[in-house]
Each structure stands twice: as C-alpha cells, then as structure tokens.
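Me: I have a structure to look at, and I would like to know what lies behind the words used to describe it. Please set each value against its definition.

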Number of protein chains: 2
Amino acid sequence: MSASASLEFWFEFASTYSYLSAMRIEALAAEAGVAVRWKPFLLGPIFQAQGWNTSPFNIYPAKGRYMVRDLQRLAAERGLTFALPGRFPQNSLLAARLALLGGDEGWVAPFTRAVYAAEFAQGADISDRSILKSILDGLRLDSERLFSRIAQTDLKDRLRQQTGEAQARGIFGAPSLLVGDELFWGDDRLEQALSWARRG
Amino acid sequence: MSASASLEFWFEFASTYSYLSAMRIEALAAEAGVAVRWKPFLLGPIFQAQGWNTSPFNIYPAKGRYMVRDLQRLAAERGLTFALPGRFPQNSLLAARLALLGGDEGWVAPFTRAVYAAEFAQGADISDRSILKSILDGLRLDSERLFSRIAQTDLKDRLRQQTGEAQARGIFGAPSLLVGDELFWGDDRLEQALSWARRG
C-alpha cells in the first residue's frame, strides 16, 4: 500500500446514532489498522435544505418512537446507557466548534465521547457552557482559551465550510463515513466502511 | 418453551431493502429455529399519512442516490444482482394480493423471492399481469384461478386490513420485523430480530 488506510467519520453531536459510532469507532478502527479523521458538522442546514425544520424523528412520530426503542436495544447490547434528553435535538453548535479545535490539537476523540456521554447517558444539555466547561476541565484543557477561540470568525467559518463540504459530498444524515468518495450512512455501516478502507 | 419461536416479516414488494431480506430470511430463520409469518402490505397509504406521495428515495435525491449505491454494495457481498427498475417505486398491489393467497396456500416464500428477483435483478414490471403469470407458471400454480381470486372483494379488503394493522402496530417502513410487539426496522435488523424471537 502506498498510503495507509483511512476513513472520515462525519458526526453531528445532536445525533443519537452518531453517539453509537463515536463510542466504538476508535477501538474498531485501531483493530482494523485504519486511521480516523473526525469531522464534526451540523445537520440543521442540510435538513433545512430538505424542507425540515427539526429532526425527522420529531416530524415523523412513529419513526421517532422506533428510534428510541432501537437505541435502547443497541445500547444495552453494547453496555451503554441511553436516554433521549428532555429536549431533542439539542443545539450542538458550540460542541461542534470545540470539536474542530480538538481535531487541530489532538483531543477530538475523548472530547467527543465525553460530550455524547453527557448528552445521551446523563441527559445533560450540551449547549450549556458550564457542561462543556466541565468536560474540558475533565480533559485538563484550558476552557477559557478554547471558548475565546471558538468565538472567532475564522473558526465559525470553518464549521460552516465543513457543513457545506458534507452536503456537497452527498451526506444527508449522521453518522456518515467516507472512504474517498465512497459514502456509508449510519452506525450500521461502520464495519463495512472499515473493511472498505482496509481494502484501499 | 411453551410456544415455538416465531417472527412476522412485513414486506412491501416495491421496497429495495425488503428484497434483501426476502432473499435470505427463510434460510436464516431455519438455522435459528424461528418460524416466519410472511406479511405483505402496502407502504403507499402509510407514506401518504406522513404527507409523502412517493418513495422518500424520490423525494430526497441524495438519499435516493445513496440507497442505490448501498444496495449495489450489499447485493454484491451477498451474490445478488441489483438494479433499480426504470420506474421506481413500482405498483405492487397485484403482487401483494397474490402473496396473501400464497400465505394461505403455502407458496408465499418462493413466490415472493421470484417477484423480487424479477423486479430488482431483471428489471421487470411487477404490475404487469404477464410477468406475474410467468412467475406463477414457474411455480406450477393455476394463474387463472389466482387472478380471479384476487379480483374478489374479500381479498382486496384483507390487504387493506393488513396495511391498517401494520400502521396501527407502529410500522412506518419496510421491511419490518415484529416479534410480538417488538418492532425491528430494516434488513439491518434481521439478525437481531431473529435472536429476539429465539430468546422468546
């Protein structure tokens, strides 16, 4: 192989199925010898372009009820806790901006897992700065520096651009996995995407 | 166990992911010791209740393009041929009525597989009576008797009732699997539903 195997993991912090993948992708990818690039993005603008002003799980109640049950079963099989937060979907903007910085600085994976655990295992509100601060504190990161960094225009623009790139590359939901231009949608396709990445 | 393990397989002939399940459910269920009840139904009325007048794969083009690629990859892994028919979704009304009779008379499984193969491997129009006739002929069934039977009101009503039952039990897509009231959606959940049925 001329280049090592890699895969892009596109995730949205408000997404329940992204939670499932975020909690297992690092271990599975290490086992498969695949490098993961963590790509936070926002589904809101993509859903709006489809004419949706909230999650499809809210728009279609039967689908929403099913999703909760499906998540409960899958989480139980994997030894995870799951409960839908009181407000769903949550506003994931600040968490996504922080995750972009985490990608630059090498702490995106543990930060992302901690945010998802707070949101879907503990029911915390991830748009609340004090929740995010305690997560950053737990990772021994300088939250004051990071909050001032994500208030800057260039970082806000980068998240907008990354969301635009997601849409341009055919992403319509989360999690999505990209191996080159090959798109895989959903936690159910994580193993298949890793195999694809390994085959090169 | 006081009762043997069983599972209801709810399928729509126009559904690509139902094709994937129909081609493998009998073998997998036999291996798991689970009896399958084949439940044809129509998604059209359920989609209409959600405000859709066609398949979501047509309404949301990015999702539609992805579905075709996903099916190609999954079909290739399983040694199946897949191509989206020229007209999608197809009108599945006659096939579904025939499948109801097949359930009564013991030929629903091979009939269903033959219809799906005609539609998604050979690109045939399954609303065409001559296509359905050749499928019935291939199974050595009396197509004249069966076509006259599905023209009768009681059979039409049964399909309507079955579709109403699907909706009442929380089904919003196909394939769906029911183990008692426990709902599993999608070919991706077939193994999990079989395990659930086996555990009782």
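**Terms and values**

Me: What makes strand β1 (residues 6-11) of chain A and strand β3 (residues 176-179) of chain A a pair?
Reply: Three bridges join β1(A) to β3(A), and the two strands run antiparallel. Two strands pair if DSSP finds at least two bridges between them, so three are enough. Strands here are DSSP runs (E, at least two residues), helices are runs of H or I of at least four, and both are numbered from the N terminus. Within this pair, Glu8(A) stands opposite Leu178(A) in β3(A).

Me: What kind of model is this, and how are its parts numbered?
Reply: The model is predicted: local features need pLDDT of at least 70, side-chain atom pairs count only at pLDDT 80 or more, and totals for chains, interfaces and linings use all residues. Residues are numbered from 1 along each chain as its sequence is written, while chains are lettered from A and ligands numbered from 1 in the order in which they are written.

Me: Why are β2 (35-40) and β4 (182-185) of chain A called edge strands?
Reply: Chain A has an open sheet of four strands in the order β2-β1-β3-β4, with mixed pairing. β2(A) and β4(A) each pair on one side only, which puts them at the edges. From one strand to the next, the twist averages 25°. Helix α11 (residues 190-199) of chain A packs on this sheet, touching β1, β3 and β4 of chain A, and its direction makes about 10° with that of β3(A).

Me: Why are helices α6 (residues 93-105) and α7 (residues 108-121) of chain A called roughly antiparallel?
Reply: Their axes come within 8 Å and cross at roughly 155°. Axes are lines fitted to C-alpha atoms, for helices over the stretch in contact, and angles run from 0 to 180 degrees between N-to-C directions. Under 35 degrees counts as roughly parallel, over 145 as roughly antiparallel, 65 to 115 as roughly perpendicular and the rest as oblique. α6(A) and α7(A) are therefore roughly antiparallel.

Me: Which residues of α6(A) and α7(A) meet?
Reply: Ala95(A), Leu98(A), Ala99(A), Gly102(A) and Gly103(A) in α6(A) meet Val108(A), Phe111(A), Thr112(A) and Val115(A) in α7(A). Of the residues in this contact, six are nonpolar, three polar and none charged. Nonpolar means Ala, Val, Leu, Ile, Met, Phe, Trp, Tyr, Cys and Pro; charged means Asp, Glu, Lys and Arg; the others, Gly among them, are polar. Residues are in contact if their C-beta atoms, placed from the backbone, lie within 7 Å.

Me: How do you know through which surface the copies meet?
Reply: 100% of the interface residues of chain B are also interface residues in chain A, so the copies meet through the same surface. The contact takes 11 residues from chain B and 12 residues from chain A.

Me: What makes chain A as compact as a globular protein of its length?
Reply: Chain A holds 11 helices and four strands. Its radius of gyration, 16 Å, is close to the 16 Å of the globule rule for 200 residues, so chain A is as compact as a globular protein of that length. The radius is taken over C-alpha atoms, and the rule is 2.2 Å times the number of residues to the power 0.38.

Methods. Contact = placed C-beta atoms within 7 Å.
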